[in-house]
Amino acid sequence: MTSFLLGRIVSLVLSLIAASIVIFLVLEVVPGDPAQFMLGLNATPEAVANLRQTLGLDGPLLERYFTWVLGLLRGDFGISYTYKVPVSGLIADRIWISLPLAIYALALSTLIAFPVGILAAVRRNSTADVSIIGATQVGLAVPNFWFAMLLVLLFSITLRWFSAGGFPGWQDPLMALKALSLPAIALALPQASILARVMRSSLLDTLGEDYIRSARAKGLSQGQTLWRHALRNALIPVLTIIGLQFSFLLAGAIIIENVFFLPGLGRLVFQGITSRDLIVVKSVVMLLVFAVILVTFLVDVTYALVDPRLRRAMR
């Protein structure tokens, strides 16, 4: 297990290094000069050059890369070109919207997908199974931003049960969760569809194993066989999907946050791109990449702990 963990940690570090290089270089070649954008089209070349020097944009490429990376390691994300405040403060304010939204959406997705996937597997080829497969296909086909607008139209404009957007803060947790409900549902729909199909497929494969037939032959009922033996092994690939979904929900909610005017990390990245605030974009994207890689690492470790075959292989 120790060698397994060391190997995964080395892979994590190398992935972060590669991601930092790609993010830095991609944003460096993006057209447009942040200094020129901030000063406007009528700015003189001398003013633009002075601002570039102030922002640290005139140094060698390699020097700027290492300055940025070393700052990240110290927890110094730099100063926003637009907001004139530390980027770490902006991230700290916004992450308490994006993180609860991702957890909320993942919880909804899991609560929907598990019973639906299990029902479809247990009643294979039945009307319920065919209906579930059709519903999940629709869930995969519907874009989440379009579904989000339908939710706003129905629950905000027609029924007036929820606000159409914005976030009231965490002073009142119930109001905050209510504000996140429609965005979470919009994010959860396609993820629940994916997870339900994976749950169904994995459970069907497990139910076809020899040890399941042996358990039934020894007198265990279908329910006892399902809960005692089949479900635990069927969860192994599902855990991987859940981990990947959390990463996606945390890093990929830019469109949904803009639809609902949520001041989260996704909206911060979008605003940073439109205003050419590259230090914000680089730092937030790097943080999200770190979250994705870290979650993948934790999923691998969990997989090793859950799957006894992998533990025996590591011995």
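Colleague: Why is lysine 84 called exposed?

Modeller: Lysine 84 has a relative accessible area of 53%, and the word exposed is used for values over 50%, with buried meaning under 20% and partly exposed meaning in between (1.4 Å probe, protein chains only), so lysine 84 counts as exposed. This is a predicted model, in which local features need pLDDT of at least 70 and side-chain atom pairs count only at pLDDT 80 or more, while totals for chains, interfaces and linings use all residues. Residues are numbered from 1 along each chain as its sequence is written, and side-chain values use heavy atoms, with hydrogens and water left out.

Colleague: What makes the phi of lysine 84 worth a remark?

Modeller: Most residues other than glycine have a negative phi. Lysine 84, which sits in the loop between α4 and α5 (87-122), has a positive phi near 60°. Asparagine 125, in the loop between α5 and α6, also has a positive phi, near 65°, and arginine 276, which follows α12, has a positive phi near 60°. The helices named here are DSSP runs of H or I with at least four residues, numbered from the N terminus.

Colleague: How do you know whether asparagine 125 is buried or exposed, and where does serine 214 fall on that scale?

Modeller: Asparagine 125 has a relative accessible area of 62% and is therefore exposed, whereas serine 214, with 38%, is partly exposed. Serine 214 belongs to helix α9 (residues 210-217). In helix α12 (residues 265-274), the buried residues are Leu265, Gly266, Arg267, Leu268, Val269 and Gly272.

Colleague: Why is α6 called oblique to α8?

Modeller: The axes of α6 (residues 127-141) and α8 (residues 173-207) come within 8 Å and cross at roughly 140°. Angles under 35 degrees count as roughly parallel, over 145 as roughly antiparallel, 65 to 115 as roughly perpendicular and the rest as oblique, which makes α6 oblique to α8. The axes are lines fitted to C-alpha atoms, over the stretch in contact, and the angles run from 0 to 180 degrees between N-to-C directions.

Colleague: What is the angle between α7 and α8, and which hand does each crossing have?

Modeller: Helix α7 (residues 144-158) packs against α8 at about 140°, with the axes 9 Å apart, and that makes α7 oblique to α8. A crossing is left-handed if the near helix is turned anticlockwise from the far one by less than a right angle, and right-handed if clockwise; α6 and α8 cross in the left-handed sense, while α7 passes α8 in the right-handed one.

Colleague: How do you know which residues in the lining of the largest cavity are nonpolar, polar or charged?

Modeller: The lining consists of Phe162, Ser163, Gly165, Gly166, Lys178, Ala179, Leu182, Pro183 and Phe260. Ala, Val, Leu, Ile, Met, Phe, Trp, Tyr, Cys and Pro count as nonpolar, Asp, Glu, Lys and Arg as charged, and the others, Gly among them, as polar, which gives five nonpolar, three polar and one charged residues.

Colleague: Which helices supply at least two residues each to the lining of the second largest pocket, and how do its residues divide by class?

Modeller: Those helices are α1 (2-29), α4 (61-73) and α13 (278-306), with α4 giving the largest share, six residues. By class the lining has 13 nonpolar, two polar and no charged residues.

Terms used. On a 1 Å grid over the protein atoms alone, a cavity is a set of points where a 1.4 Å probe fits but cannot get out, and a pocket is an open set with protein on both sides within 12 Å along at least five of seven lines; lining residues have an atom within 4 Å of a point.
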